[in-house]
Every structure is written in structure tokens, then in C-alpha cells.
There are 2 protein chains.
Amino acid sequence: DHSEYSELEVLFKNPQIHVKNPHLDTMEEDVLYHFNLGTKTHNLPEMFGDIKFVCVGGSANRMKSFAQFIQQELALPGNMDNITDICEGTDRYSMYKVYFLSVYPGMGVPSISIMLHELIKLLHHARCIDFALFRIGTSGGVGLEPGTVVVTDKEVDCFFRAQFEQVVLGKVITRSTELDVGVSKELLQCSSELDDVPTVIGNTMCTSDFYEGQGRLDGALCSFSTEDKLEYLRKAYNTGVRNIEMESTVFRAMCRVCAITAVVCVTLLNRFDGDQISTPHDVLVEYQQRPQVLVAHFIKKRLGLIV
Amino acid sequence: DHSEYSELEVLFKNPQIHVKNPHLDTMEEDVLYHFNLGTKTHNLPEMFGDIKFVCVGGSANRMKSFAQFIQQELALPGNMDNITDICEGTDRYSMYKVYFLSVYPGMGVPSISIMLHELIKLLHHARCIDFALFRIGTSGGVGLEPGTVVVTDKEVDCFFRAQFEQVVLGKVITRSTELDVGVSKELLQCSSELDDVPTVIGNTMCTSDFYEGQGRLDGALCSFSTEDKLEYLRKAYNTGVRNIEMESTVFRAMCRVCAITAVVCVTLLNRFDGDQISTPHDVLVEYQQRPQVLVAHFIKKRLGLIV
């Protein structure tokens with residue numbers, strides 16, 4: 001029985017999802033290959049039509065526990081232990097749905113970009129309207145205490161430009177990551193109402209490699225000095241970068257036209273102090289919950305469950 | 001008891017693994033974060049020192065079944081049903097070891113690049129010598145019958161150049177994907193000794209997106225025409241490209257200096273005929289086994305188990 005949830009008015013001002021592809025209308029069937037879903041094999045409006053919030057990120061296990069956490073926080077009906085992976089027919093992605101949709105997109109821009117293409121088409125086929133998309137996850141901090149949550153102002157590439165570049169048919173195309181509708185300040189306000197979720201707004205740098213690409217000295221290959229690394233990190237800091245991860249630019253560039261979006265990542269270390277993540281496991285687990293707690297609080301406020 | 005295997009001489013001429021990073025020698029501990037392994041917490045030489053073959057690719061389930069297949073084919077000791085995921089403490093990657101190592105690296109260059117940094121360091125810490133690294137997987141075919149296996153001659157980027165570009169500290173660096181030691185012809189010879197593994201040698205194009213980046217018309221975004229797409233695929237074909245995937249350039253660029261390498265991917269469709277993968281599941285499963293069968297045959301020949 002969905003009625004309890006359906007009666008809650010979600011007051012987003014974004015329109016129905018835009019799919020910017022004229023070819024889709026001419027297709028008899030659309031197979032969402034990496035989700036193991038399709039328009040002929042599944043009733044997508046029935047399965048997904050009520051979705052108002054989508055969270056992508058984390059790891060497969062974390063996204064499962066996040067779905068369970070949201071179900072508990074929103075006091076949604078259903079048995080929390082019985083959440084099954086909607087994508088279990090494939091082992092590319094993991095997807096959990098409890099009115100809210102929680103997806104693990106893998107690591108890096110190409111992996112999340114495949115997922116976003118199929119997710120946007122899924123929400124389009126399911127005729128979803130008025131929803132918000134969050135990317136949550138972990139990141140390296142730049143000049144912040146480990147455990148700080150960064151709500152992204154601008155997603156920048158490794159040249160500190162607020163754009164996402166992609167090669168299409170041998171030509172480089174550029175998409176902006178600038179916000180249409182920002183919810184950063186609303187999320188920052190939420191953090192002030194919570195204990196133990198220290199939060200700042202800052203720029204997030206998105207790279208295509210974790211080691212050399214983020215100036216780490218501890219990869220299998222490294223051709224630069226400690227001083228070169230620190231100079232690059234200082235430059236990044238001076239342009240407003242406060243954390244580094246690997247998915248944010250394509251997330252914002254692809255989703256900003258179709259939904260309210262926010263990128264919320266916790267920092268696991270301060271890169272000025274080192275490269276390795278050697279923090280004890282239980283501390284990391286607590287850090288990783290912070291973006292979940294913050295986004296859950298935001299959702300509850302939007303739903304009017306707390307004032 | 002490893003003796004049965006240890007007595008088999010593996011006659012590779014490649015030296016011990018090179019880790020091109022002077023900083024590693026100064027580190028007291030090396031935490032391989034995404035594998036959930038470390039030099040202080042695990043005895044890496046004991047766990048991995050006997051590795052002679054590493055296969056990366058596929059999907060998590062396929063890499064598990066490949067490990068079981070190899071164990072059966074090589075008549076290795078141990079219970080095939082009891083293979084556990086070495087990376088089960090994390091849910092980033094999956095890793096199975098049966099003398100031979102089978103790893104699922106996720107999708108796309110950034111995901112496999114993190115894995116390769118940690119894999120190369122792992123093999124270095126484990127003091128492995130004389131081994132071969134294979135990337136196996138699926139791909140889109142260019143002018144080939146679906147089900148054809150492509151053994152890669154050259155890995156090229158989306159401008160058809162045999163190179164891998166990466167941004168390091170804000171500067172673009174370029175690494176060659178040209179082969180040091182090619183095993184392509186040996187793999188082609190192997191395929192001629194097998195039934196139902198139609199194989200060609202060709203160039204493999206590596207892209208950073210599955211939809212627009214590979215000229216697909218069925219993504220959430222598409223700004224080009226069918227004719228634009230076909231013109232790009234024809235150009236690719238004329239430069240020698242026979243399949244398209246998302247990991248090969250960084251695999252070859254990073255591994256060619258440290259091991260014998262080969263890229264072996266089956267094609268799931270002919271991109272001149274369409275974009276969607278709608279082939280029945282059982283046919284796809286059979287196609288996906290072909291690179292495994294070919295690489296297993298190669299390994300058995302190298303080990304002298306078949307003449």
C-alpha cells in the first residue's frame with residue numbers, strides 16, 4: 001500500500017525528466033542492458049513510477065544499508081530485511097528501492113555514465129516527475145579535517161574548470177557543471193541541525209585516476225616529487241577545491257537538466273597530510289554514514305516529516 | 001600442497017615486475033585500500049607468490065566461474081565450490097585465486113586503473129616473477145559476426161591513436177599501447193585448435209562512455225544522426241578497428257612494461273547493424289565463455305599440459 005507515501009506532497013519545481021534524444025521515440029523496445037531491465041520485459045511505470053529521490057554512490061553494501069536506513073527513518077511500510085537487489089540478474093550494478101531508489105554505480109566517470117544513461121531512461125520510461133538526484137560517497141579532503149562532509153558548490157575537472165569533457169564521434173564536446181537549481185545551502189542548513197556531521201560547501205575536483213591522477217605518491221607508477229604534489233594540491237585549494245573524487249562532473253553535467261541534484265561526499269583523509277587511507281575500519285564506517293545521515297535529514301524535511 | 005603446480009616450468013622471458021615508483025621504497029606499510037589488503041596485515045608473498053597468470057575483466061560472477069573453470073581444466077587440487085572472494089572485505093572488486101588469479105575490475109578506465117595500480121603493487125610485494133596478464137571481456141563488434149573473438153593487435157583511443165592519455169598534476173601525459181612482446185599470433189593459433197571460437201586479430205578502440213562515446217543512438221543523450229554514427233564506425237573500421245570496449249588502452253599502457261599481456265574480447269553485436277544488445281541470454285552466456293576457453297587453452301599449452 002503506497003498511499004501513506006503518495007499523500008505526502010513533494011514540492012519540487014523541476015519538470016518531468018528530459019531525455020535529450022530524438023531517436024528514443026522511434027525504438028520499439030528499450031533494453032537497459034546493464035540494469036537487466038527493459039520496456040518490454042518489465043512494467044517500469046509500475047515498478048518505478050513513485051520514485052521521488054534517487055541516491056547514487058558509495059559501494060554496493062553501503063547502498064543497501066542506506067536503503068534500509070531510509071526505510072527506517074521515513075517509517076516506510078515493508079520488511080527492511082527483505083530488500084533485494086533489483087539488478088541481481090546482472091553483476092554490474094546494485095539497485096535497491098524503498099520508494100526511494102539507491103544505486104551503486106561503480107567507480108569512475110565511465111562506469112557512472114553508463115548507469116546515468118540507463119537511470120535517466122528508466123525514470124523517463126517510468127514517467128517519474130518531480131524528483132531529486134543525489135550523489136553521495138567518499139573522497140579525499142584538501143585542507144579539511146578527515147570526516148568533514150563537503151556539499152559541492154562547483155564540480156571541476158583536473159584543470160579546475162567547471163565542465164565535463166567527452167569525446168563523441170572523434171570530437172571533443174564540453175558540458176557545463178554549473179548549477180541550475182542549487183540545494184547546497186539547504187543541505188548546509190540541514191547539517192547545522194545534526195550532531196557530528198561537520199559540513200562545508202566547496203568545489204569538488206573529479207579525476208579519472210585515483211593514484212597519479214590525484215597526485216598520489218603511492219601508486220605503481222609515479223614520476224613526480226612530493227613538492228610537485230603539494231604545489232598542485234595548494235593550487236587546487238586556492239581555486240576553492242575542498243575534496244577530490246571520481247564521478248561528480250559527469251553526474252552534474254548529465255543530471256542538472258533533468259532534476260534537482262546535489263553532490264555530498266565525506267572526506268576520508270586530508271591529502272596535505274598523506275595519500276594512504278589507514279584510518280581504522282570502524283572510524284571509516286562512521287565517516288561513510290555522514291552523507292547518508294545528511295541526505296536522509298534533507299529528505300525528511302522536504303517531506304514535511306520534521307519541521 | 002602446491003608442488004604439483006610448482007614443478008611445471010612456466011617459460012616466460014619477462015623479468016620480475018617493475019614498479020616505477022621510487023617513493024614505494026620509503027613506505028613502512030602499503031595499504032592496498034580497494035583490495036582490503038596490506039603489507040602489514042597480510043603475508044602477500046605467501047598468499048600470492050606462486051601466481052603465474054592473472055585474468056582481469058568480465059563481471060564478478062563470470063570471473064568466479066572462470067576461476068572454477070581454470071581449476072577444472074588444469075586439474076588443480078582443491079574444492080572448486082569453496083572458492084571465496086579475496087576482496088570480500090570490500091565490495092569494490094572481486095578476486096579469486098586458484099594458483100591463477102581472476103579479478104573483476106569494474107567498468108571503464110578509471111575503475112580498472114585503480115585496480116591495476118594495486119594489482120601491480122600486489123604482485124611486486126608478493127615477489128611474483130614471470131607471469132602473464134590477460135584482459136578478457138565483452139565488446140561491441142565493428143563489421144564482425146556477433147560471437148567473434150578479437151585478439152587485440154593495437155589498443156587505440158577514440159581518435160584511433162595507439163596511446164593512452166592521462167592528466168597528472170594538471171599536465172597531459174601520453175603512454176604508448178604498442179606491444180613489447182606480442183602473444184597475439186600464439187592466441188590465434190590456439191583458436192584454430194578449438195571448435196566454436198571464431199577469432200580474428202584486430203585493433204580495439206577504448207572509449208570512456210558506452211553510449212555517446214561509442215556512437216550509440218540509444219542513450220539518454222544523443223546529438224548526432226544515424227549517418228554521422230555510421231561514418232564514424234566506417235572510419236574506425238578503415239583504420240583496423242574491429243571492436244570497441246572501455247578498458248584496453250590503460251591495461252596495455254600500464255602492464256606492457258611489467259608482464260606479457262594480451263587483450264581478448266568477444267563481440268556481442270555488430271555495431272553496423274544496431275546498438276542494443278537484445279541477443280537471448282543463453283547465447284550471450286555462450287559468447288562470454290569464448291575468451292575464457294581461448295585463454296585457458298593458451299595457459300594449458302604454455303604449461304605443457306597439451307602439446
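Let's start with a polar contact: the side chains of Gln214(A) and Thr207(A) are joined by one of 3.1 Å. Keep in mind that this is a predicted model. Gln214(A) is also one of the residues that an unreviewed UniProt entry annotates as "binding site"; the annotation covers Arg216(A) too.

**Gln214(A)**
- You'll find Gln214(A) in the chain A loop that runs between β10 (199-206) and α6 (226-238).
- Setting aside residues up to four places away in sequence, Gln214(A) touches Thr207(A), Asp209(A), Ile244(A), Glu245(A), Met246(A) and Arg271(A).

**Arg216(A)**
- Arg216(A) sits in the loop between β10 and α6 of chain A.
- Arg216(A) counts as buried because its relative accessibility is 1%.
- Beyond its neighbours within four places in sequence, Arg216(A) has contacts that include Phe210(A), Tyr211(A), Cys222(A), Phe224(A) and Arg271(A).
- A polar atom of the Arg216(A) side chain lies 3.1 Å from the backbone oxygen of Phe210(A).

- Over in chain B, strand β8 (residues 163-168) is mostly covered, with five of its six residues buried.
- β8(B) pairs with strand β9 (residues 171-176) of chain B in the antiparallel sense, over six bridges.
- Phe164(B) has Arg175(B) in β9(B) as its bridge partner.
- Two residues lie between the strands of this hairpin, where Leu169(B) takes a positive phi near 50°.

Note on methods:
Residues numbered from 1 in each chain as written. Chains lettered and ligands numbered in written order. Predicted model: local features only at pLDDT ≥ 70, side-chain atom pairs only at ≥ 80, totals over all residues. Heavy atoms only, no water. UniProt positions renumbered as here; feature names shortened; annotations may be inferred. Helix = DSSP H or I, 4+ residues; strand = E, 2+ residues; numbered from the N terminus. Contact = heavy atoms within 4.5 Å. Polar contact = N/O pair within 3.5 Å; in protein donor to acceptor, adjacent residues only side chain to side chain. Buried < 20%, exposed > 50% of the residue type's maximum accessible area, 1.4 Å probe, protein only. Pairing = 2+ DSSP bridges.
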